[in-house]
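Open the model in your viewer and keep the sequence panel beside it.

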Amino acid sequence: MIKFAICNDELLMVRELAGHLASYMEEKHVTACSVSSFSSGRALLEAVGGFDVIFLDIQMKQPDGMETARLLRQRVDHSMLVFVTVLKELLQAEIWFP
């Protein structure tokens, strides 16, 4: 079983990531997987059991995503970390939405 974790303080982003992940796994015919979500780095760090892949928001309240990653690595956690973020400045730039 593949164990995924999504750690993001924005519920909309958690839903988006979980939806994309579910679609991808269905497309690849992978049924043995689970997705857990956490709204803070602290909650993720307190979770019992390891994860194969962690989608980790960079911009969260303390500990932020980078600090959470550092603390995970101190534990010798070998989860694959995928850093995600939405920089509001980029979303508002004309380059994306002319």
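Throughout this tour, two residues are in contact when heavy atoms of theirs lie within 4.5 Å. This is a predicted model, in which local features need pLDDT of at least 70 and side-chain atom pairs count only at pLDDT 80 or more, while totals for chains, interfaces and linings use all residues. Residues are numbered from 1 along each chain as its sequence is written, and side-chain values use heavy atoms, with hydrogens and water left out.

**Whole chain**

Start with a cartoon of the protein chain. Four helices and four strands are present, and along the sequence they follow the pattern β-α-β-α-β-α-β-α. Helices (H or I, at least four residues) and strands (E, at least two) are DSSP runs, numbered from the N terminus. Of the contacts between residues at least 6 apart in sequence, 67% join residues at least 24 apart. Switch to a surface: the accessible area is about 6,800 Å², with 59% of this belonging to carbon and sulfur atoms. Accessible areas come from the Shrake-Rupley method with a 1.4 Å probe, and for residues only the protein chains shown count as cover. Buried residues account for 30% of the 98 residues; buried means under 20% relative accessible area, exposed over 50%, and partly exposed in between (1.4 Å probe, protein chains only).

**The sheet**

Select the strands next. In what order do the four strands lie in the sheet? The order is β2-β1-β3-β4, in an open sheet with parallel pairing. Two strands count as paired if DSSP finds at least two bridges between them. At the edges are β2 (33-38) and β4 (80-84), each of which pairs on one side only. From one strand to the next the twist averages 15 degrees. Angles here run from 0 to 180 degrees between N-to-C directions, and axes are lines fitted to C-alpha atoms, for helices over the stretch in contact.

Zoom in on β1 (residues 2-7), which pairs with β2 in the parallel sense over six bridges. The bridge partner of I2 is C33 in β2.

**The cores**

A nonpolar core is a set of buried Ala, Val, Leu, Ile, Met, Phe, Trp, Tyr and Cys residues joined through side-chain atoms within 4.5 Å. Select A5, C7, F38, L44, L45, F51, I54, L56, M60, A69, L72 and L81 to show the largest one, which has 12 residues. The elements giving two or more residues to this core are β1, α2 (41-46), β3 and α3. Apart from this core lies another of nine residues, among them F4, L17, L21 and V53.

Center on C7. Beyond its neighbours within four places in sequence, C7 is in contact with F38, S40, G41, L44, F55, L56, D57 and M60. From C7, move to A43 in helix α2; the two are 36 residues apart in sequence and 8.5 Å apart in space, C-alpha to C-alpha. A43 is partly exposed, with a relative accessible area of 27%.

**Loops**

Select N8, in the loop between β1 and α1. Is N8 buried or exposed? N8 is buried, at 4% relative accessible area. A polar atom of its side chain lies 2.9 Å from the backbone nitrogen of E10. Not counting residues up to four places away in sequence, N8 touches M13, V14, F38, S39, D57, M60 and V84.

Go on to H29, in the loop between α1 and β2. Phi of H29 is near 60 degrees, a positive value in a residue other than glycine. H29 is exposed, with a relative accessible area of 72%.

Then select P63, in the loop between β3 and α3. The peptide bond from Q62 to P63 is cis, with omega near -5 degrees. Most residues other than glycine have a negative phi, and most peptide bonds are trans.

Finish at S79, in the loop between α3 and β4. S79 is buried, with a relative accessible area of 3%. Its side chain reaches the backbone oxygen of F51 at 2.6 Å, a polar contact (a pair of N or O atoms within 3.5 Å; within protein, one must be able to donate a hydrogen and the other to accept it, and residues adjacent in sequence count only if both atoms are side-chain atoms). Leaving out residues up to four places away in sequence, S79 touches F51, D52, I54 and R73.
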